[in-house]
Amino acid sequence: MQKFQGVDYFNADQLLNEEEILVRNTVRHFVDDYILPVIEEHYRAGTFPAPLIPKMAELGLFGATLPARYGCAEMNNVAYGLAMQELERGDSAVRSFASVQSALVMYPILTYGSEAQKDFWLPRLARGEKIGCFGLTEPDYGSNPGGMITRAERTKDGYRLNGAKMWITNGTVADVAVVWAKLDGIVHGFLVEKGTKGFSAPEMKGKHSLRASVTSELVFEDVLIPADNILPNGSGLRLPLSCLSQARYGIAWGAIGSAMACYDAALTYAQSRVQFARPIAGYQLTQAKLVEMLSEITKAQLLCVQLGRLKDQGSARFQQISLAKRNNVFHALAIAREARSILGANGILDEYPVMRHAANLESVITYEGTHEMHTLIVGEDITGHPAYT
Ligand SMILES: Cc1cc2nc3c(=O)[nH]c(=O)nc-3n(C[C@H](O)[C@H](O)[C@H](O)COP(=O)(O)OP(=O)(O)OC[C@H]3O[C@@H](n4cnc5c(N)ncnc54)[C@H](O)[C@@H]3O)c2cc1C
């Protein structure tokens, strides 16, 4: 099979510097050489390709934008975004793994953690020796995490946690969980280590989507954690939401990767599949589909580069990140469905990546804020009227 050549209709590469292109191309080759050959097998088995973890660490993909003093690559936000794009071209599960480790575990430790927490956890997480997860969502509180019922109480030596989280990526395999719980009615972050008495993380089974990702419940039954395991620098729902903004930024890029994989598969297929004595690429209806896909990919690329530049300047607003996540995932899902139609019956086979991406994107459009919640975030921003309740 011919290697992926990229999709760049507007010469958007001109907007990238050499380092950004190098990161993109390095991760592109990694995806071709290591992810694509094994991903269907893992997807079918419902397992995460764990042997990729040290390789991803070597490429600097964990905490990629964090400071070098913690062993991180300290790349800029555009380079990081391009890396997420390529990973998700492989599979959303692999990008999700890197997003959770980087944006939802290392970022809160860097931003809200103590010096001791940073010194201990960040280098180990960067090297992939330790895996983290982020526990915010609860069975009864998804889009409205502020209602969470997981509670922390003070004890003589620290805190006692009770409650449950659900839908937690990497929960079962994580060495450390960043858990959000209310202490005296205010949200705080706690580091809960694997093996702590009363803490369990059973894997959730039966997913038709993100099958190559581990998704878990986290259960806390009188879990005693030391005083040093609270994230000391801040409190309130704003903390987990700030982590979600980091992760959503990576998702906005990642969705382009899924979309490119589907577009590429559909274009290649349409040129070789002959019906009524002509390649189906020669029919206007097929061309309309392909052009629609390319238009949306092109717009998403330009949007993400500018968003990354704003982020590097420190001026990206969370509402802009919401718009990008909302737009790019929505169109990636539409592209995956359209690509599936171009492939006809073959579109449902795992010989092609299309159905896998389509199924994955059904999770991606829901997690990290549903499509509707991002509509409400941007809607409030432009009108001044919150419409959540
Ligand atoms: C594979 C996967 C991995 C995940 N990983 C993590 C993780 O690592 N950590 C974590 O904390 N969470 C994780 N999540 C959870 C995810 O963030 C939640 O599923 C998401 O926030 C939505 O919550 P919910 O599923 O409870 O849906 P609900 O909040 O119940 O929403 C159901 C529907 O109602 C709509 N809705 C809700 N409120 C409103 C409103 N006010 N106005 C209009 N419509 C509304 C929603 O948009 C949606 O369409 C993961 C989810 C999945 C599927």
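## Lining of the largest cavity

In this predicted model, α8 provides the largest share of the lining of the largest cavity, 4 residues. Helices are DSSP runs (H or I, at least four residues), as are strands (E, at least two), and both are numbered from the N terminus. A cavity is found on a 1 Å grid over the protein atoms alone, as a set of points where a 1.4 Å probe fits but cannot get out, and lining residues have an atom within 4 Å of a point. The structure holds 1 cavity of 30 Å³ or more. The volume of the largest cavity is about 50 Å³, where a volume is the space filled by probe spheres set on the points, with grid points joined across faces, edges and corners.

Among the residues that line the largest cavity are Ala-255, Glu-296, Asn-328 and His-331. Two or more lining residues come from each of α6 (238–272), α7 (284–313) and α8 (318–342). By class, the lining of the largest cavity has 7 nonpolar residues, 2 polar and 1 charged. Here Ala, Val, Leu, Ile, Met, Phe, Trp, Tyr, Cys and Pro count as nonpolar, Asp, Glu, Lys and Arg as charged, and the others, Gly among them, as polar.

## The largest pocket

A pocket is an open set of points with protein on both sides within 12 Å along at least five of seven lines. The largest pocket has a volume of about 1200 Å³. Its lining consists of 41 residues, and Thr-137, Gly-142, Leu-244, Glu-368 and Gly-369 lie nearest its centre. The elements giving two or more residues to this lining are α4 (92–112), β3, α6 and α10.

With 8 residues, α6 gives the most to the lining of the largest pocket. This lining divides into 19 nonpolar, 17 polar and 5 charged residues.

## The ligand and its shell

The ligand sits in the largest pocket, meaning that more than half of its atoms lie within 2 Å of the pocket's grid points. It is surrounded by 18 residues, the closest being Thr-137, Ser-143, Trp-167, Thr-370 and Tyr-388; a residue counts as near if one of its heavy atoms lies within 4 Å. Of this shell, 9 residues are nonpolar, 7 polar and 2 charged. Both β3 (158–169) and α10 (371–383) supply at least two residues of the shell.

A polar contact is a pair of N or O atoms within 3.5 Å. An N or O atom in the side chain of Thr-370 is 2.7 Å from an oxygen atom of the ligand. A backbone N or O atom of Trp-167 lies 2.7 Å from a nitrogen atom of the ligand.

## Basis of the values

Residues are numbered from 1 along each chain as its sequence is written. Local features need pLDDT of at least 70 and side-chain atom pairs count only at pLDDT 80 or more, while totals for chains, interfaces and linings use all residues; side-chain values use heavy atoms, leaving out hydrogens and water.

Technical notes: A polar contact is a pair of N or O atoms within 3.5 Å; within protein, one must be able to donate a hydrogen and the other to accept it, and residues adjacent in sequence count only if both atoms are side-chain atoms.
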